[in-house]
Amino acid sequence: MLELVNLLNQYAHEYYTTDNPSVSDSEYDRLYHELLDLEQQYPELVQADSPTHRVGGKVLEGFEKYQHQYPLYSLQDAFSREELEAFDVRIRKDFPKVSYLCELKIDGLSISLMYENGILVAGATRGDGSVGENITENLKRVKDIPLTLPTAVNLTVRGECYMPRSSFDAVNQLRQENGEPEFANPRNAAAGTLRQLDTAIVAKRNLATFLYQEASPTDVSTQEAVLNKLSKNGFSVNERRILAYSMDEVWRFIEQINHERAQLPYDIDGVVIKVNDLSVQEELGFTVKAPKWAIAYKFPAEEKEAQLLSVDWTVGRTGVVTPTANLTPVKLAGTTVSRATLHNVDYIAEKDIRKDDTVIVYKAGDIIPAVLRVVENRRQSEEQLEIPTNCPSCNSELIHFEDEVALRCINPRCPAQIKEGLIHFASRDAMNITGLGPAVVEKLFAQELVKDVAGIYHLTVEDLLQLENVKEKSANKLYSAIQASKENSAEKLLFGLGIRHVGSKASQILLEHFHDLEQLAKAEREEIVALDSLGMVIAESLTSYFAQEGSQILLRELKEAGLNLAYLGEKVAANAVLSGLTVVLTGKLERLNRSEAKVKLESLGAKVTSSVSKKTSLVVAGADAGSKLIKAQELGIDIRDESWLESL
């Protein structure tokens with residue numbers, strides 16, 4: 001059985017990963033069935049990495065949440081050479097000899113794979129970057145993902161799971177024959193497949209992967225070396241990449257790939273440019289949302305002609321009034337589009353968009369339908385579009401500030417703004433009040449039961465029973481969800497307030513530092529700017545918000561309603577033994593795994609990073625430590641062992 005498992009895994013790696021099979025399909029099938037027979041006779045001897053685990057058979061009840069040990073960041077996008085040049089100038093300001101690794105941006109679904117002692121123990125979706133969904137059983141059915149690694153290492157890797165075009169065509173052919181709706185594109189098909197509860201369906205759809213990152217601390221020094229290491233460990237790694245030393249080389253690669261992309265056996269939507277040196281990556285660090293050392297160039301989107309039928313004007317939660325075009329339906333990037341953003345009044349003027357125009361529509365970032373330009377030789381009317389002068393919700397006069405491109409309603413009691421703010425406040429990433437969606441908010445306003453977010457906490461079950469189609473059971477559930485949200489950690493409340501430029505990650509950073517909302521409300525701009533990843537824009541926005549009397553009254557009302565204003569995450573005392581130190585783990589620890597050691601170090605106040613640089617305070621080195629230890633010695637960095645860590 002051991003011999004068969006090793007042989008079949010080798011043959012599968014040759015077939016799915018290196019595209020160089022050494023045996024025929026019939027020989028593989030013969031050996032596979034021989035192993036299957038033996039496993040049925042001796043179930044107690046079935047190996048963890050047996051290829052028979054690749055078949056379906058399990059029907060899952062659902063997906064559990066998975067807390068990522070290492071966060072997954074999104075990438076900053078670029079749509080022009082000028083944006084890439086600006087990125088390069090910013091990097092070279094401090095690192096003039098930088099080189100970039102250019103990799104294809106696979107159009108699939110981001111995944112994270114966790115191995116302990118060389119065995120796949122968990123696989124998860126990206127989710128919000130901090131929490132994803134545990135889809136381990138489905139990922140085990142993706143044939144090029146190794147179930148075990150050549151050595152018994154602890155490793156967390158990242159990559160993209162996608163559906164090859166050949167698999168996509170076969171799946172859609174089958175769905176057509178079965179009278180089922182076809183998938184719009186391979187990305188949708190891959191995402192839909194990975195969310196299947198029947199693993200047998202996943203196994204049949206022939207998904208594939210490309211891995212591109214070692215998320216756990218690595219023992220190599222460049223991104224190129226990371227990819228080579230992943231390949232040696234049996235992962236599929238995209239070979240279509242170059243090491244570039246200038247933006248001219250980067251741009252030539254982008255043009256070449258754009259020319260070739262239609263012939264690739266998988267979909268891509270751009271090229272990712274990464275600083276190759278990992279120590280430089282470490283020094284550049286991250287913003288709240290994205291690494292500062294990488295950028296994704298997105299290829300120009302598909303464009304189609306459509307006729308402009310009318311324009312709707314809607315008010316967002318910050319008072320911005322946004323125009324949306326109603327269009328004759330067109331098929332765009334796999335979906336039917338009949339509405340598209342016109343951005344703002346300045347955009348309409350700049351593009352000279354008029355009544356009944358024929359316009360070019362595209363998907364911005366391959367996601368949001370937008371109007372690109374007018375087809376002037378198809379113009380039917382010279383009549384200008386009607387631009388509103390009063391808010392479509394409250395009829396207040398709209399303002400067009402000199403430094404803004406948008407029309408704005410500045411009435412703080414505007415119903416549309418308050419409604420949008422309430423919907424945001426109750427959303428999952430904010431206060432997570434299950435059941436308080438747009439339809440219920442609309443009903444609450446119609447009954448004049450709430451006027452702001454504080455009003456939510458004065459609602460009774462009797463109030464909720466007044467709403468149309470709300471019965472006793474759902475009223476009680478919603479009331480319970482509202483009461484439970486009072487106990488949320490304060491970063492959820494801060495994000496829920498909808499302060500401009502303050503997202504969920506910025507809220508987390510702020511509350512980790514200031515500990516409660518009342519302290520943050522008193523903070524000076526300089527205190528906020530001093531925090532990692534937060535700049536003057538966020539500081540200005542926060543201090544302006546909390547300086548308003550209405551904001552102070554709202555905060556007081558929320559506190560009186562019983563909401564928690566304190567950060568409930570794990571706090572590290574300022575006098576913790578490693579407070580303020582940056583620590584790197586390297587080599588194999590005997591009594592702790594890397595995850596445990598990282599948690600212990602952080603509980604002692606340390607910031608644990610993956611690469612050695614001048615900013616590293618000390619290195620904890622285990623057995624067989626490699627390049628990181630050498631670099632630490634060269635830089636004269638303090639080096640400690642596992643027994644030292646235990647002594648703390």
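A search of the whole structure finds 30 salt bridges, a salt bridge being a side-chain nitrogen of Lys or Arg within 4 Å of a carboxyl oxygen of Asp or Glu. The structure is a predicted model, in which local features need pLDDT of at least 70 and side-chain atom pairs count only at pLDDT 80 or more, whereas totals for chains, interfaces and linings use all residues. Residues are numbered from 1 along each chain as its sequence is written, and side-chain values use heavy atoms, with hydrogens and water left out.

Side chains of opposite charge can pair when their charged atoms come close. One of the salt bridges joins the side chains of Glu303 and Arg373, with an N to O distance of 3.7 Å. Glu303 belongs to strand β12 (residues 303-315) and Arg373 to strand β16 (residues 368-374), so this pair ties together parts that are 70 residues apart in sequence; strands (E, at least two residues) and helices (H or I, at least four) are DSSP runs, numbered from the N terminus. Glu303 is partly exposed, with a relative accessible area of 39%, and Arg373 is likewise partly exposed, at 39%. In these terms, buried means under 20% relative accessible area, exposed means over 50%, and partly exposed lies in between, with a 1.4 Å probe and protein chains only.

Arg378 is partly exposed, with a relative accessible area of 43%, and Glu305 counts as partly exposed at 40%.

Elsewhere, Asp429 forms a salt bridge with Arg428, the closest N and O atoms being 3.9 Å apart. Asp429 counts as partly exposed at 32% relative accessibility, whereas Arg428, at 57%, counts as exposed. Salt bridges also link Asp352, Arg354, Asp357, Arg379 and Glu382 in a network.

Lys292 is placed in the loop between α10 (278-284) and β11 (294-298) and is partly exposed, with a relative accessible area of 30%. Lys289 is also found in the loop between α10 and β11, and this residue is exposed, with a relative accessible area of 57%. From C-alpha to C-alpha, Lys289 and Asn238 are 25 Å apart in space and 51 residues apart in sequence.

Turning to buried positions, Ile499 lies in the loop between α16 (490-496) and α17 (504-514), where Ile499 counts as buried at 5% relative accessibility. Ile499 and Ala340 are 159 residues apart in sequence, and their C-alpha atoms are 26 Å apart in space.

The cysteines give a count of 0 disulfides, a disulfide being a pair of cysteine sulfur atoms within 2.5 Å. For Cys414, the closest cysteine sulfur is that of Cys391, at 3.8 Å, which is too far for a bond. Cys414 counts as buried, at 0% relative accessibility, and Cys102 also counts as buried, at 0%.
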